[in-house]
Amino acid sequence: MSAGMSTNRAMETVLLTVAQMGEADRLTVAAGTPEDTLMHNAGSAVAREAMRRWSARPVAVLCGPGNNGGDGFVAASALAAAGWPVRVGLLGARDRLRGAAQHHAARWTGAVEPLDPRMLEGAALVIDALFGSGLSRPLDTGALPTLAAIAERRLPVIAVDVPSGLLGNTGESLGAIAADCTVTFTRKKPGHVLLPGRELCGAVVVADIGTPASALETLAADTWENDPALWRRQLPELLGSANKYTRGHALLCGGYPTTGAARMAARGAARAGAGLTTIAVSEAALPVYAAALLSIMVRPLANPSDLAQLLADKRFTAFLIGPGAGINETTRDHALAMLATGRPVLLDADALSVFADRPRALFDAIRGPCVLTPHEGEFARLFASGGDKLSRARAAARSSGAVVVLKGADTVIAAPDGRAIINSNAPATLATAGSGDVLGGMILGLLTQGMEAFGSAAAGVWLHGASARDFGPGLLAEDLPDLLPGVLRRLMSATTP
């Protein structure tokens, strides 16, 4: 892929807040594009998508009192001109519309009915243009009966910008009903990819309405939807002159009697490209690990000083502790010892929960690149848990000084400097025991090879999801490491000139 294509694709993954999109519109108008032209472009895109997805059929267009409603009037006019039977319902009085919405409502030559469930009679498609992403309060009671009737009748829905009642910045629902398709404009918003918003939006179509690149470049966007374009060039290169030592050496602390978690993490690190991978374990666990692993080396920890001796070896380039480690003082001490090296460290599972009573002791110990990979339960033990997922992850990264991977079907990767990436490629099959352990190993493998922490975390999360998609139903966590090479091979071939 050429440099320009990669850059363009990365720009397309930017997620804009409601305020940023409003500013982009303002700058576009200031640059010479009239507001009613932007609205015409938006509503026309909605109509085109309706005609692309469905044959001509009776359609009910639900218009709200603001600009979203203006988009609906444009869509209604375009569909009627194409021969579709169209009914328009308006929430509020027509004479209270303002600006571009008033302009386009005046161009609609058909009847305008009060918003009411009765206007759905005979409809085979609904265009939801009631409220856009800027809504910040529960839905107007005047809209609720009609929306409820749509859901009850299971009518197909195209939402304009977002399904009415969905918060564009957070993905939270204030009473939204699910759409089959959502047409948004210029760029997606966080609410399109965070849950439950992602599921409520259905297929998301991003329409170009004429926003110039110059308007977007001034916005200082700091949130993206995860995509290889963001980190592909950071992936470690396989040089002909490389050897196992130059590709880095990963060190994990393995648990006992729970041994499977660390073993899966180690295989994830090795498959992600670590030149060497070693698991340090107690003497009691040594026979179990040694019998189950071939290319993964095992080192016994017979004395309290043994881990310190391993950590003093500069050939180890990144560390992981947590999977199956146990919530005990040994895990805490080992984690702090790893952090004291200043080399990259990934803490997961028990290595997070063990600091639940003293989270500041963990944060103060972070001296170098660090990735924390909590699920929601572990997150709540370490951080204040109020607010939406994106805000919580950002605040946690800022307070801890680490890259935080707040796991889930909509995993958020947040950096201490405020950057955040939302992942959307994780299939439901990843909801299986041990998949998080493999994810930690994949990120570790990238850290081991020298990839920076934020990029390693984002790449590891995406590769994890892509590997699971390749397998399909019936996935077990132990399948994931062996699926990773195929995903990496596709990425590498896509970048080959």
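## A buried aspartate and an exposed alanine

Asp161 is buried, at 9% relative accessible area. Buried means under 20% relative accessible area, exposed means over 50%, and partly exposed falls in between (1.4 Å probe, protein chains only). The model is predicted: local features need pLDDT of at least 70, side-chain atom pairs count only at pLDDT 80 or more, and totals for chains, interfaces and linings use all residues. Residues are numbered from 1 along each chain as its sequence is written, and side-chain values use heavy atoms, with hydrogens and water left out.

Asp161 sits in the loop between β5 (157–160) and β6 (181–185). Helices (H or I, at least four residues) and strands (E, at least two) are DSSP runs, numbered from the N terminus. Asp161 is not a glycine, yet its phi is positive, near 75 degrees. Ala220 also has a positive phi, about 55 degrees, and is not a glycine. Ala220 belongs to the loop between α9 (213–217) and β8 (223–225). Ala220 is exposed, with 62% relative accessibility.

## Two cis prolines

Leu195 and Pro196 are joined by a cis peptide bond, with omega near 0 degrees. Pro196 is found in the loop between α7 (190–193) and α8 (197–201).

A cis bond also links Tyr256 to Pro257, where omega is about 10 degrees. Pro257 is in the loop between β9 (249–253) and α10 (260–271).

## Helix α19 and its ends

Helix α19 covers residues 453–471, 19 residues in total. From first C-alpha to last, α19 reaches 27 Å, close to the 27 Å expected at 1.5 Å a residue. The expected span is 1.5 Å times one less than the number of residues in the helix. Most of α19 is covered, with 16 of its 19 residues buried.

Glu452 caps the N-terminal end of α19. A side-chain oxygen of Glu452 lies 3.0 Å from the backbone nitrogen of Phe454. Just after α19 comes Gly472, with a positive phi of about 90 degrees.

## α18 against α19

Helix α18 (residues 435–448) packs with α19 at about 135 degrees, their axes 8 Å apart. Axes are lines fitted to C-alpha atoms, for helices over the stretch in contact, and angles run from 0 to 180 degrees between N-to-C directions. At that angle, α18 is oblique to α19. Angles under 35 degrees count as roughly parallel, over 145 as roughly antiparallel, 65 to 115 as roughly perpendicular and the rest as oblique.

The α18–α19 crossing is right-handed. A crossing is right-handed if the near helix is turned clockwise from the far one by less than a right angle, and left-handed if anticlockwise. On the α18 side, the contact includes Leu439, Met442, Ile443 and Leu446. On the α19 side, the residues include Ala457, Gly460, Val461 and His464. Contact means heavy atoms within 4.5 Å.

## α3 against α5

Helix α3 (residues 35–53) and helix α5 (residues 99–107) cross at roughly 60 degrees, and their axes come within 9 Å. The two helices are therefore oblique to each other. The crossing of α3 and α5 is right-handed.

Which residues of α3 and α5 meet? Glu35, Asp36, Met39 and His40 come from α3, and Ala100, Ala101, His103 and His104 from α5.

## A residue in α1

Asn8 lies in helix α1 (residues 3–12). Asn8 is partly exposed, at 45% relative accessible area. Asn8 and Leu307 are 299 residues apart along the chain, and their C-alpha atoms are separated by 46 Å.

Technical notes: A polar contact is a pair of N or O atoms within 3.5 Å; within protein, one must be able to donate a hydrogen and the other to accept it, and residues adjacent in sequence count only if both atoms are side-chain atoms.
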